[in-house]
Amino acid sequence: MAHGAVPGSTAAENVQRSARYVAAARGLIGLVLALNLQCALAFLIQPGAYTSGFELNQGSGGAAVGEAMLRALGLLFVMWNVPYAVACWNPRRHLVSLLEAVTMQAIGLVGESWIWLALTPAHPVARASLLRFILFDGAGLAALLAALALVLASRRTFLPKREYY
């Protein structure tokens, strides 16, 4: 019996179980990817709707500078999601991309939390926006960790050796 196989299960049942784990992981990764890209597109397409939430509609540059900054942030969101897309394509085969996505999500959560803590209460609107990012990225991290657990569990079931590479 293969390591991780369920006693009394056939090889075909173990392969099906592994496939279900991978499909569930792909769904979780895809959900995080879709929500991240939705946020990115919102910042790229309608940045003016979000400038006040980051207190970027003030100062000498006015709304134009704030909109440019949010478009840049949206572009960065798209760039940062490349490993998520690769992991979603085949999380078993591209485990490194999934690990990168988990790490990036954790860095985002820790960094946003640090920024939120450093921002004085004199900026309640910006703090509220950062708190939404913290909650959003915390949920995304939980989903990616669940996906990672599913992928690791799928690797312990009976599967052909070539799938590990």
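How much space lies in the largest pocket? About 690 Å³, in what is a predicted model.

**View 1. The centre of the largest pocket.** Here we look at the residues around the middle of the largest pocket. Its lining counts 24 residues, and those nearest the centre are L73, F77, W80, E112 and F133.

**View 2. The helices around the largest pocket.** Four helices each bring at least two residues to this lining: α1 (11-45), α2 (62-80), α4 (95-118) and α5 (124-155). Among the contributors, α2 gives the most, with seven residues.

**View 3. The centre of the second largest pocket.** We now move to the second largest pocket, which holds about 260 Å³ of space. Lining this pocket are 13 residues, with C39, F43, Y50, R132 and F133 nearest its centre.

**View 4. Helices and residue classes in the second largest pocket.** Which elements give two or more residues to the lining of the second largest pocket? They are α1 and α5. The most comes from α1, with five residues. Sorted by class, the lining of the second largest pocket has nine nonpolar residues, three polar ones and one charged.

Definitions and conventions:
Residues numbered from 1 in each chain as written. Predicted model: local features only at pLDDT ≥ 70, side-chain atom pairs only at ≥ 80, totals over all residues. Heavy atoms only, no water. 1 Å grid on protein atoms, 1.4 Å probe; cavity = no way out; pocket = protein on both sides within 12 Å on 5 of 7 lines; lining within 4 Å. Points joined across faces, edges and corners; volume = space filled by probe spheres on them. Nonpolar A, V, L, I, M, F, W, Y, C, P; charged D, E, K, R; others polar.
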